[in-house]
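Subject: Structure for your review

Dear colleague,

Please find the sequence and the structure below.

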Amino acid sequence: MAAAVEEALGPVDLLVNNAGRFGPVGPLAAADTDNWWQTIEVNLRGPLYCTRAVLPGMLTRRHGRIVNVSSGVGLTAIPMLSAYIVSKTALYRLSENLAAETRGHGVRVFAIDPGLVRTAISESALSCGEPSIEQWFTDAFLHQEDVSADWAATLVAYLASGVADVLSGRSILATEDLPQMVARADEIEEQDLYVLRERQ
C-alpha cells in the first residue's frame with residue numbers, strides 16, 4: 001500500500017489511521033475470543049502496520065504527521081464493550097509513545113477523539129443486541145449529543161497544517177478550541193495534560 005501510494009503521489013507526509021471495528025458487544029465471560037481479538041487487530045494492529053510502513057520515510061525526510069483516530073470511550077470503562085474500549089485505550093498509548101520516540105526527528109503524532117459521529121459503527125450499536133449499549137446510543141442520538149464528521153475533518157486538516165505540532169503526543173477532542181490549546185502549550189506540557197495518567 002505505502003509503496004503504491006508513494007509511486008503514484010510521492011512521499012507520504014500525513015497518515016490518518018481511521019479504520020475501526022466496534023464489536024463484539026456483550027460480557028467478556030461469553031465472548032468469542034477470536035472475534036474479540038479481531039477488534040484489536042483492526043483498531044490497533046492496523047494503525048501499527050500503516051505507521052510502520054510510512055514511518056521510516058518520514059524519519060529519513062525528518063518530516064511527517066500521524067493522526068490516530070481513537071475515541072473518548074478509550075478513557076473510561078463501559079461494560080459489554082471491552083474489545084473496543086481496550087483497543088482505543090491502546091491507540092492513545094501508542095500515539096503518545098511514538099510521539100516521544102520521534103520527538104526531535106521531525107515527526108509529530110496525535111490521537112484524536114472525533115466525538116460521537118453518526119457512522120455505520122455507531123448506527124450498528126442501536127441494534128447490537130445488548131440493551132445497555134443500545135439504550136446509551138439511543139439516548140445520545142435522541143438528545144443530539146452526536147457531532148458532525150466535519151469537526152474531525154477540520155481537526156485533521158488543522159493538525160496536518162503543522163500549526164499544532166507543539167501538541168504532538170496529546171489526545172485532542174474534535175470540538176476543542178485548537179488555537180487556544182496551542183496558546184496553552186507550555187501549561188499543557190508542564191501539567192502533563194491531555195494524556196493518560198494515573199491519578200493520585
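Two strands are said to pair if DSSP finds at least two bridges between them. The model is a predicted one, and the notes that follow should be read accordingly.

The sheet

By that criterion, β1 pairs with strand β2 (residues 64-69) in the parallel sense, over four bridges. Strands β2 and β3 also run parallel and are joined by six bridges. In general, the strands of a sheet pair through backbone hydrogen bonds, either parallel or antiparallel.

Asn-17 stands opposite Asn-68 in β2, and Asn-68 in turn has Ala-111 as its bridge partner in β3.

In β1, Leu-15 and Asn-17 form the covered face, whereas Leu-14 and Val-16 form the uncovered one. Together with helix α2 (residues 33-61) and β2, strand β1 makes a right-handed β-α-β unit.

The largest pocket

The largest pocket holds about 620 Å³ of space. It is lined by 28 residues, of which Tyr-84, Pro-114, Gly-115, Val-117 and Thr-119 are the closest to its centre. The elements that contribute two or more residues to this lining are α3 (82-102), β3 (107-113), α4 (120-124), α5 (131-142) and α6 (149-161). Helix α6 supplies the largest share, four residues. By class, the pocket lining comprises 18 nonpolar, eight polar and two charged residues.

The cavity

Counting cavities of 30 Å³ or more gives one, with about 70 Å³ of space in the largest cavity. Among the residues that line the largest cavity are Tyr-92, Arg-93, Glu-96, Ser-171 and Tyr-194. Ala-111, the bridge partner of Asn-68, also belongs to the cavity lining. Here the largest share, four residues, comes from α3. The lining of the largest cavity divides into six nonpolar, three polar and three charged residues.

Yours sincerely

Conventions
Residues numbered from 1 in each chain as written. Predicted model: local features only at pLDDT ≥ 70, side-chain atom pairs only at ≥ 80, totals over all residues. Heavy atoms only, no water. 1 Å grid on protein atoms, 1.4 Å probe; cavity = no way out; pocket = protein on both sides within 12 Å on 5 of 7 lines; lining within 4 Å. Points joined across faces, edges and corners; volume = space filled by probe spheres on them. Nonpolar A, V, L, I, M, F, W, Y, C, P; charged D, E, K, R; others polar. Buried < 20%, exposed > 50% of the residue type's maximum accessible area, 1.4 Å probe, protein only. Right-handed = clockwise from strand over helix to strand, strands pointing away.
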